[in-house]
Amino acid sequence: MRASIAVMGMVLALGAVAARGEDGTAIAAKFGALEDVRQISLSPSGNQVAYLKPNAGPGVMVIVADFSTGQSRAVLNAANPGENLRWCRWASETRLMCKLYVAVNRGDLLMSATRYVIVRNDGTGQGYLSSGLGSKSIGGLQFVGDVLDWDIAGKPGHVLMTRQFVPEGEIGSNIERRREGLGVEDVDLESGKRSLVEPPRKGAVRYMTDGRGHVRLMATRGQNDDGYAKDEMRWFYRAKDDDKWLPFTTARDEDSDTPLAVDPDRNIAYVLGGKNGVDVLYGVALDGTGTRQVMMEQQGVDIDNVISIGRNGRVVGATYATEKRVNAFFDPELKKLGAALGKALPGQPLVEFVDSSEDEGLLLLLASSDSDPGMFYRYDKATHRLEQVLPMREPLVQMALGKMTAITYPAGDGSMVPAYLTLPPGVAGMAAAKRLPAIVMPHGGPGARDEWGFDWLVQYYAVRGFAVLQPNYRGSTGYGSAWYQKNGFKSWRLAIGDISAAGRWLTAQGIADPAKLAIVGWSYGGYAALQSGVTDPGLFKAIVAVAPVTDLDNLREESRDFVNFRQVDAFIGHGDHIADGSPARHAGAIVAPVLLFHGEVDQNVNVAESRLMADRLKHAGKDVTLVTFPGLDHQLAAAAARTRLLADSDAFLRRALGM
């Protein structure tokens, strides 16, 4: 724990230190290290925090720290192969509930399962929360459900959870239970006892509560005769103090009519829905009238989520991104506080409220910026004091990082593409950037977008002397339906054209040396990097692709054994764009050297995609290197792997670009 500071008084001032004098491997280790705080939560009293910290080797440990004593201790360690601890939350002042993802390999099929681990804040009482399956269950259970409510009135230590029920029977007996589908249970975390709150319904896929223990929304999705999920999702609601389910809204996957939360005081559901080509936030009455009121809208960009706070998930605002992320509050107190904190803290960072005590008197927040990975603080409303808790990335504290600037550049058809340009530390703006080695870095997704803020991959290359341009090409989310187009694969020519135009703009502006221009991408970004080498050979002098899609039919087949196959199939589509848009089928067109990285248990994009690409390039006589990481998935969430990715790619780029 660190010393507390007053919001409006003097705050900690850190001078940036350049990374000069350090070799590339040492710098790669600093940026390759995982976040010191992978996830964090505040106890109901606000006097303790629990956070996930990576081990020195594999796995993650859970640390509990006490503000009153300044002491901290490890209470849980998940380091077994195939385990990935994602988050922990306080079920009570003394008990934590942690969600564990476990990789499962069933022959050629890679999949994940979830389990919950319960532990006390002193490290005792560790155990798995029972999945509810017995020896008579017919079928297995992949996911144990989601926590809907963390506090139930009059029942300390109880949570509301969804549960997938499966039929039960016994060989040689006529006694069987045919309860099947998704239901909701009240779970006592101390005893493990469960009581049914919402009976299981076949076809139910989601429930939503009002934060006070009442289930108010339910989503259902049917299945086709072939066992695959239907496109249509139907939502139902309950009026206050009524158990009857009533139709709420029906949406297909490509539609944007999506319930996000329930406000019990206003008796409304917050829903994202389209208006004038962008997503806006509506409040839809849950009283039978269906009255629909616009709660927030922003011209030209999508509202993308609500902001909630407290253990009951009280909705206090909404968020969207223009050139920077905007957290717009309905709550006047938080609106004023967020603005004051943003001005008082060093560098005027973005401020995000992460968690709060049960009474919301103590707030946990994260302050970060493009050149600051972030610091967690605890704020006391009563005393107006701000206390430093933990830095997000200790190795990068005080290191000079590059500044990120929002720009636009023209695509081939004249459309202006929004993007972010990060220059090396010490380069004072675009006017001072002359013929630098440069990287175009398209984002993954493709249903995503880049934003202003800290990015470990971007900042590593900037510190190593590269200018980095991140284009929000057509197909990116956040800019409305017209910009989204057919997204990614069906409209790959448009997306790849925008990405190649980013490289041309860098050289035309004199920022990039055309002989030292590279492209680096992860996931869809890796696909885009390879496909740009097919469509525009010679523009980029080196290609780095991490976990890339390389053949669209192969990507389709990877989902065939899952219920969402029909949605994936429709998303990828059929037609000439499949063959034309699969870089592995055009390896001979690529002239730049290629470096590939891939985790061997990647469930998003199978490692076979990179192996196929490497084989095709080798057979075409091209310069290609493939690095695979046993036991790691799509995120390569291990310090050693990320350090190698950075160090190897830096050395590769320097060799390929003649640096």
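User: Which strand gives the most to the lining of the second largest pocket?

Analyst: E7 does, with five residues. This is a predicted model: local features need pLDDT of at least 70, side-chain atom pairs count only at pLDDT 80 or more, and totals for chains, interfaces and linings use all residues. Residues are numbered from 1 along each chain as its sequence is written, and side-chain values use heavy atoms, with hydrogens and water left out.

User: What makes a residue part of the lining of a pocket?

Analyst: An atom within 4 Å of a pocket point. The points sit on a 1 Å grid over the protein atoms alone; a pocket is an open set with protein on both sides within 12 Å along at least five of seven lines. For the second largest pocket, 41 residues meet the lining test, and Glu83, Asn84, Gly631, Leu632 and Ala637 are the closest to its centre. Strands E6 (83–90), E7 (95–106) and E8 (109–120) and helix H11 (639–656) each supply at least two. The space in this pocket is about 930 Å³.

User: How does the lining of the second largest pocket divide by class?

Analyst: Into 23 nonpolar, 13 polar and five charged residues. Ala, Val, Leu, Ile, Met, Phe, Trp, Tyr, Cys and Pro count as nonpolar, Asp, Glu, Lys and Arg as charged, and the others, Gly among them, as polar.

User: Why is H5 called roughly perpendicular to H6?

Analyst: Helix H5 (residues 492–508) and helix H6 (residues 524–535) pack at an angle of about 80°, with axes 10 Å apart. Roughly perpendicular covers 65 to 115 degrees, so H5 and H6 qualify.

User: Which residues of H5 and H6 make the contact?

Analyst: Contact means heavy atoms within 4.5 Å. H5 brings Trp492, Ala495, Ile496, Ile499 and Ser500; H6 brings Tyr524, Tyr527, Ala528, Gln531, Ser532 and Thr535. By class, the contact has seven nonpolar, four polar and no charged residues.

User: Why is histidine 443 called buried?

Analyst: Buried means under 20% relative accessible area, with a 1.4 Å probe and protein chains only. Histidine 443 has 6%, so it is buried. Histidine 443 lies in the loop between strand E31 (436–440) and helix H3 (456–463). Beyond its neighbours within four places in sequence, the contacts of histidine 443 include Arg449, Asp450, Tyr473 and Tyr524.

User: Which residues of helix H8 are buried?

Analyst: In H8 (residues 565–572), they are Phe565, Gln567, Val568, Asp569 and Ile572. Glycine 573 follows H8, with a positive phi near 80°.

How values were computed:
Axes are lines fitted to C-alpha atoms, for helices over the stretch in contact, and angles run from 0 to 180 degrees between N-to-C directions. Helices (H or I, at least four residues) and strands (E, at least two) are DSSP runs, numbered from the N terminus. Angles under 35 degrees count as roughly parallel, over 145 as roughly antiparallel, 65 to 115 as roughly perpendicular and the rest as oblique. On a 1 Å grid over the protein atoms alone, a cavity is a set of points where a 1.4 Å probe fits but cannot get out, and a pocket is an open set with protein on both sides within 12 Å along at least five of seven lines; lining residues have an atom within 4 Å of a point. Grid points are joined across faces, edges and corners, and a volume is the space filled by probe spheres set on the points. Buried means under 20% relative accessible area, exposed over 50%, partly exposed in between (1.4 Å probe, protein chains only).
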